[in-house]
Amino acid sequence: MLTCDLIRVENLTPRDQTIWQDMIDATEAFQSPVLSPAFIHAVASVRDDVVIAAYRRDGATLGFLPHHRRPNRFARPVGAPFADYSALITFPDTDLKARDALAAARIDRYQAIGLIDPYGVFGDVDGSDDMGYGIDLGSDEPINTVTKKHSKNINRHRRNLIAAHGEITFRLSEFDREHYEMMLRLKREQLAQNGLHNFLDAPWASRLLEEVFDAPRDGLHGSLLVMMVGDAPVMFHYGLRYGDHMHPWVSSFDPAFSEFSPGQIFLCDAPAVLKAAGVRYYDLSTGQTHYKSSFCNTQFPVRHARIYGGSASAHLSERLAHLASDVQKSMDRYRIGRGVANALTRLNRRVDQIACLELDFAGRAKGVAHAFANARRRIGGAHAG
């Protein structure tokens, strides 16, 4: 019989932590820092809604589903939206199905982000397909697949940048507070310019960024990779490092250097620096497929989906979601308001991200109002087209 213990992080036993880590070690797909027990502990230090569902059968531990336990039997991956991946952590041969697991944990709806499911625990779920990208620095495969024409263009930008501003160097400036503050300032300015929600300043998110930045370097910690041009910091990647894996969260650059395409130079030149620093895998997460696919040598499918448990209320929520999806598909099929529908879909994603970040009514209301204000012109433009 399947049982589920709902455990606060501080009550996770050493034995469960060992089993969890053994599961991760047995499956490379689970080795992202955001799926580690250490990351769950880090998020639990800044939020009080972190719970771990530990599944067992006949005394044997089958898997772990860490989640934020929200009102009305709703759950999100721990650390979302900073957790770019979610998974039900198991051993390879575990007979466990997601619907049963959610029902046992008294979860009606689970909002998976970048769902990693190497053993088919979740089966076929509705949602949107995406790809995760990374640079495997231990692989014999080429680091990137940049075409000769593209490479020539990057080399030209690199030469022009060096001629105008000085030599390019990289720093893993993990303790450099000045670089850290500049990285955040540039990202805030970019978000404001694009009318996007400021994911950096939600109180718990700000505390998380700070705590991992200050964390000891022998465990999970924040790592800042900076591309310098002469004495000027130009491009930043900041995120997690855990062992030989790095997972950047924030990418920002000084727009004064935008004519030189610093992001492309960064992704071409950084791997050698990372490898020398003992990094084996540099995870660039999902999204921006057209951009990342050229600079990575690994990719794997993930899904963004809402997954339902086995209760009556969960089944009702699932039927209503399917109905809304069918209406959307019909509109797309007959080209009825496609531009408006696409704009609304993007708006819904923004609202969901705001819900991940803002935990009180005032913060959510302000964020949603900002999202609608900035989406109005997009929806209007799509309708006019």
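The lining of the largest cavity comprises ten nonpolar residues, one polar residue and no charged residues (Ala, Val, Leu, Ile, Met, Phe, Trp, Tyr, Cys and Pro count as nonpolar, Asp, Glu, Lys and Arg as charged, and the others, Gly among them, as polar). The model is predicted, so that local features require pLDDT of at least 70 and side-chain atom pairs pLDDT 80 or more, whereas totals for chains, interfaces and linings use all residues. Residues are numbered from 1 along each chain as its sequence is written, and side-chain values use heavy atoms, with hydrogens and water left out.

The volume of the largest cavity is about 70 Å³. Its lining consists of Val-34, Leu-35, Ile-40, Pro-66, Pro-77, Val-78, Ala-83, Tyr-85, Ser-86, Ala-87 and Tyr-110. Over the whole structure, the search returned three cavities of 30 Å³ or more. On a 1 Å grid over the protein atoms alone, a cavity is a set of points where a 1.4 Å probe fits but cannot get out, a pocket is an open set with protein on both sides within 12 Å along at least five of seven lines, and lining residues have an atom within 4 Å of a point. Points are joined across faces, edges and corners, and a volume is the space filled by probe spheres set on them.

The second largest pocket holds about 290 Å³ of space. It is lined by 17 residues, of which Glu-28, Ala-29, Ile-116, Tyr-281 and Phe-300 are the closest to its centre. By class, this lining has nine nonpolar, four polar and four charged residues. Strands S12 (281-285) and S13 (298-308) each contribute at least two lining residues, and S13 gives the largest share, four residues. Helices (H or I, at least four residues) and strands (E, at least two) are DSSP runs, numbered from the N terminus.

Axes are lines fitted to C-alpha atoms, for helices over the stretch in contact, and angles run from 0 to 180 degrees between N-to-C directions. Angles under 35 degrees count as roughly parallel, over 145 as roughly antiparallel, 65 to 115 as roughly perpendicular and the rest as oblique. The axes of H1 (residues 14-26) and H2 (residues 37-44) come within 10 Å and cross at roughly 125 degrees; H1 is therefore oblique to H2. Gln-17, Trp-20, Gln-21 and Ile-24 of H1 form the contact with Pro-37, Ile-40 and His-41 of H2, contact meaning heavy atoms within 4.5 Å. Four nonpolar, three polar and no charged residues take part in the contact of H1 with H2.

Helices H4 (residues 148-165) and H7 (residues 262-276) pack at about 100 degrees with their axes 10 Å apart, which makes H4 roughly perpendicular to H7. On the H4 side, His-150, Ile-154, His-157, Arg-158 and Leu-161 meet Gln-264, Ile-265, Cys-268 and Asp-269 of H7. The residues of this contact comprise four nonpolar, three polar and two charged.

For H5 (residues 177-194) and H6 (residues 203-213), the packing angle is about 155 degrees and the axes are 13 Å apart. H5 and H6 are therefore roughly antiparallel to each other. Arg-177, Tyr-180, Glu-181 and Leu-184 of H5 meet Leu-209, Glu-210 and Phe-213 of H6. The contact of H5 with H6 has four nonpolar, no polar and three charged residues.

Two backbone features lie in loops. The peptide bond from Ala-80 to Pro-81 is cis, with omega near 5 degrees, and Pro-81 is located in the loop between S4 (74-77) and S5 (89-90). Asp-58, although not a glycine, has a positive phi of about 55 degrees; Asp-58 is found in the loop between S2 (50-57) and S3 (60-70).
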